[in-house]
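Here is a quick tour of a predicted model. Have the structure open while you read.

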Amino acid sequence: MAEEPNLNETILKVEDAHTFIGHHHILQGVSFEAKADAVTVLIGRNGAGKSTTLRTVMGLLPASQGKILYNGKEIQHKRPYKIARMGIGFVPEDMGIFANLTVEENMRVAMLVEDEAASQRLARTLEMFKDLKKFWKAQAGILSGGQKQMLAIARAIVNETSLLLIDEPSKGLAPIIVDALIEAINQIKEHSVVVLVEQNFYMASSVGDHYYILDDGRTVHNGKMTDLEDNDELKSRYLGISKVAPNVS
Amino acid sequence: MSETAIKRWNKELTIVGAVILFMLPLLGIPVKTYLTLTIAGLAMGMLLFLIASGVSIIFGLMDVLNFAHGALFAWGAYVGFSVFGRLREWVDAESVLQNFGVFLVAILAAMAAVAVLGIILERVIVRRVYGNHLFQILITFGATIVLVELIRVFWGPNDEVMTVPQTFRGNWDIFDIIIAKYRVICIFIGIAVYTVIQLILKKTKIGTIVRAGVENLEMVQAMGHNIFLLFTGVFAVGAGLAALGGLSMSIFSLQVYPDMGSTYLLFAFIVVIIGGLGSVTGSLVGALIVGLSYNYVAYLVPWAAAGVNIIIMIIILLIRPTGLFAAGK
């Protein structure tokens, strides 16, 4: 069962995680912490290992080395379904929507228990994502990109989730939808600890409290998000964000 | 024209095309014979559906190519054969109740025994080769040899004549249309099994999880569902369906023999390829296409009967490589 996070407590601690995909050594020493009172953002360029990190935490990829501690317990050798049942929700990069199932069926698959408390959480979740109510009986495959993302997040928080891992929620979405997602994540962080992988710096800085920069499968920098916003050198070197527009001749 | 209208138009066009194809054999077959062949084709289709649906669900959900499915089919036939042998008096009795009673006992015994066999197979052998199709083919082919040899050990190497409960024997003659009684029973068995599977898949939580797993297994795990338990359950159900198919087919063909599974497994793979992997409705439609076309062509051009299904399969693969009703991955 999920446990209520205490402020300032480290909920998730990843220590020197290494992960292989086939023969490729993708994570070569990722370390970070997610604290109970904060949204932790993993940022970095394409191929830095951000998504692989979340998949390793979730047990979908095995960590060949290092430790992953959730509420002080090692989880790196546990199967994904056991990790999920400990109260960790996961929203993958491709959203993982069951397109041939209805929105209702998608939510039903996600609900591990169907009791009074679960019904209340479902009602609260649908209140947050009103569009899902409108398309409740529709096939999830017909939803727009933003609605699919909302469904993916709704599925992840409908259980008693104390840690939520979200992989690039703003990818491919219109700015207005990104703003709605920012609002939703700000609401979710009142109940759950959030670890967010994000390339969209606007979104990352809007919801993030702490950041970790990943580069070539390693954690290379971390700190408070407010500090990163002011650090043009770091943003330019690791995120490719430049204040000065390039000369086009 | 809107996308919905195009889809509806396509659907209507498909139905009209299917009806025309279905009626086409009437050009060369007298109506009464056509109706007899249709009943025979539907019955054969329903029996193929029983074996193909298991293959389809197991591949769709677990991505496992189970070549041992044919051996499980043969085991179902032999367990039923033994039950009929033990309860011979009920088989030969004039009582409809006793005849259906022994049939039901044989079905339950065959499905239960083969489901247990399926669980052992999945836990001991198949689980070790998830994700590797080549190993799956080799290891399940090896399991087939073992299972077929075990049939020879327990029941002997010779072909046996399958006894048929009294009520299922003979034909009805309705306005000169000859309808074999057991074929009608086969059609009802197929409809009942399809309905039960659909109800489980559509109306129960476990069924919804299976459908979700066919689309995205990784996500189902990440949602807290123990997929290994799910795999074992689905494998057992698939094995049970193969057993039901084997028993029903042995009564249909009036014989049991150790290698009978390999003959029908080929048909099952054709059905699954036509219908689309992972779709139960696809298996039903594919099985009916195979059953009907086999019977019509066997009457019109007997030498071409075996090849017609291969031709249909090739045509469908060219037009729609994922099969008629492929479940989304």
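## Where the chains meet

Let's start at the contact between the chains: 19 residues of chain A are in contact with 19 residues of chain B. On the chain A side, the elements that give two or more residues are helix 2 (80-85) and helix 3 (103-110) of chain A. Sort the chain A residues that touch chain B by type and you get 13 nonpolar, two polar and four charged.

## The sheet in chain A

Chain A has an open sheet of six strands, in the order 6-7-8-3-9-10, and the pairing is mixed. Its edges are strand 6 (88-91) and strand 10 (218-224) of chain A, each of which pairs on one side only. From one strand to the next, the twist averages 15°.

Now look at strand 3 (residues 39-43) and strand 9 (residues 210-215) of chain A, which pair in the parallel sense over four bridges. Leu42(A) stands opposite Tyr212(A), a residue of strand 9 of chain A. Packed on the sheet is helix 1 (residues 50-57) of chain A, which touches strand 3, strand 7 (163-167), strand 8 (193-197) and strand 9 of chain A. The direction of helix 1 of chain A makes about 145° with that of strand 7 of chain A.

## Helix 6 of chain B

Over in chain B, helix 6 (residues 133-155) has 23 residues. From first C-alpha to last, helix 6 of chain B reaches 32 Å, close to the 33 Å expected at 1.5 Å a residue.

Which residues of helix 6 of chain B are buried? They are Gln136(B), Thr140(B), Ala143(B), Thr144(B), Leu147(B), Val148(B), Ile151(B) and Trp155(B). If you're curious about the spacing, an α-helix has 3.6 residues a turn, so residues three or four places apart point the same way. The buried residues of helix 6 of chain B pack against helix 3 (69-86) and helix 5 (96-124) of chain B.

## The nonpolar core

The largest nonpolar core has 183 residues. Those with the most contacts inside it are Leu165(A), Leu48(B), Trp75(B), Val114(B), Ala243(B) and Ala268(B). Helix 2 (residues 31-62) of chain B gives the most to this core, with 18 residues.

Leaving aside its neighbours within four places in sequence, Val114(B) is in contact with Leu72(B), Trp75(B), Gly76(B), Val79(B), Ala239(B), Gly240(B), Ala242(B) and Ala243(B).

Note on methods. Residues numbered from 1 in each chain as written. Chains lettered and ligands numbered in written order. Predicted model: local features only at pLDDT ≥ 70, side-chain atom pairs only at ≥ 80, totals over all residues. Contact = placed C-beta atoms within 7 Å. Nonpolar A, V, L, I, M, F, W, Y, C, P; charged D, E, K, R; others polar. Expected span 1.5 Å × (residues − 1). Buried ≥ 20, exposed ≤ 12 C-beta atoms within 10 Å, placed from the backbone. Pairing = 2+ DSSP bridges. Axes fitted to C-alpha atoms, helices over the stretch in contact; angles between N-to-C directions. Core = buried A, V, L, I, M, F, W, Y, C linked by C-beta atoms within 7 Å.
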